[in-house]
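Please look over the structure below. A short report on selected features follows it.

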Amino acid sequence: MGEKVVAGSFGLSDRQVYREKLRQCLAGLARLLEEKRFDRPKNLMGVEIELNLVGADGLPRMMNAQVLERIASRDFQTELAMFNLEVNIAPHRLGGRVFDQLSEELRTSLTYADRKAGEVDAGIVMIGILPTLDRDDLVSSNLSAGDRYTLLNDQIVAARGEDFTLDIDGVERLVCTSKSIAPEAACTSVQLHLQVTPGRFADVWNAAQAVAAAQVAIGANSPFLFGHELWRESRPPLFLQSTDTRPPELQAQGVRPRTWFGERWISSAYELFEENLRYFPALLPICDDEDPLGVLDAGGVPSLAELTLHNGTIYRWNRPVYGIADGVPHLRVENRVLPAGPTITDVIANAAFYYGVVRALAEESRPVWTRMPFEVAAANFDEACRHGIEAVLQWPRRGRYGGVGPVDAVHLVRDELLPLAEAGLDAWGVEPVDRDFYLGVIEDRCRRRVNGASWQVETFHRALAKGLGRDAALAATTRRYCELMRSGESVHTWPVGLPEPVPLG
């Protein structure tokens, strides 16, 4: 939610006025689609990465304002809590050596930012959930300065009307409460954007939903929270529960959560925006002066400010995005399922896999979503979050009888999805050297059954076996993670465990 909002209270009629404005925006979107006003295909992609600030001890550092002041780049901005930053990479055209270019840009940006953070005794780490976070770190007083964070927190808290309950039952069980949405800040993600034409949007979104579980299985990197070992990718349940405006009674009635996988395949982008209006009350009923239908009547392009603001407060794992570039509207699919890290190479490999496999799945003559119930895709996502690279997913069987059957995630990726990703990257025009290197990282992860989550867990347990207490083991694991992250080598090559101390004398 990148809007500049001003804190303030809302009157009784504000939501009614805002709801009517949203309907006007939705009607404007429908007209833009009907009049075919959207941008032509440009094969544009974009990447955003949320980051953590840590000290040399591996503990979070609440100083993003000081670090941003030193970085002094518009590519970096605040995120929800004071130990968070976000880096945005300018859109790139898919093709050629784009992934090596992205890798170099990210390496340059993050090295510079890490050096600047070091001036205030902090460092930057890419990880799904920082293992050393404590409940006292995730409180409202540690939210980033800025009206939009305060306002969003106040409105979600008011909508819920009681403390948030975190109850995640994984390897261990975590049960606690929070008075604010601050625990959401523990979730640091990679967002992959893909600009698509309206005619291709539904196929790309459906493909992204179908493959989300495979993305998480091979990319999981968030096994710890508040000293507990939970799911291999604990961000989704944590994000859901820490932003849940529904008290238990509304949950029991089946009211949809604002953090949502969805419940059906779609046939147009319009359906997702319309669902957002139909199911979710406004959190930030802030009205713009623009008359979207009047702007259209005059031949202009409306910003649809209310629609985009509302859309930003509904946390779909594959989110529709409306934007304007150079005066021309466009649509994007924003893929939000992946955790940050472990290394730049791993992030780019995850991106290459996603962009390749989504292109191939979206262009299949008999698409996967016509052969797999949506409920199976949603259950697969849950399974992958729980078990990571050891997940067993349900996938359409080959052959004349069809149906879905169980398959190890690593076998699904290696035997079926990687060949599709290769074909998809070829269709984008990606150079074979880039394609083979980054998809090779995914193949090696599958072959070794190693990702960020499995490395963290194994290293943590070896630290415990050496006699370290839980907090000390988590801190040591985090420090070792940071050291190996800065080496740049892909996570499947990392030595497991803590380094042996060098003998003296």
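## Basis

This is a predicted model, in which local features need pLDDT of at least 70 and side-chain atom pairs count only at pLDDT 80 or more, while totals for chains, interfaces and linings use all residues. Residues are numbered from 1 along each chain as its sequence is written, and side-chain values use heavy atoms, with hydrogens and water left out.

## Helix α13

Helix α13 spans residues 409-428. Helices here are DSSP runs (H or I, at least four residues), numbered from the N terminus. α13 bends by about 45 degrees at leucine 417. The bend is the angle between axes fitted to the seven residues ending at a residue and the seven starting there. Proline 419 follows within four residues.

Leu417 is among the buried residues of α13, which also include Val413, Leu420 and Trp428. Buried means under 20% relative accessible area, exposed over 50%, and partly exposed in between (1.4 Å probe, protein chains only). Glycine 429 follows α13 and has a positive phi, near 85 degrees.

## Glutamine 215

Glutamine 215 sits in helix α5 (residues 198-219). Glutamine 215 is buried, at 1% relative accessible area. Its contacts (heavy atoms within 4.5 Å) include Ala208, Val337 and Tyr354, not counting residues up to four places away in sequence.

## Cysteines

The structure holds zero disulfides. A disulfide is a pair of cysteine sulfur atoms within 2.5 Å. The sulfur of cysteine 25 has its closest cysteine sulfur in cysteine 287, 8.7 Å away, too far for a bond. Cysteine 25 is buried, at 0% relative accessible area. Cysteine 287 is partly exposed, at 37%.

Methods
Helix = DSSP H or I, 4+ residues; strand = E, 2+ residues; numbered from the N terminus.
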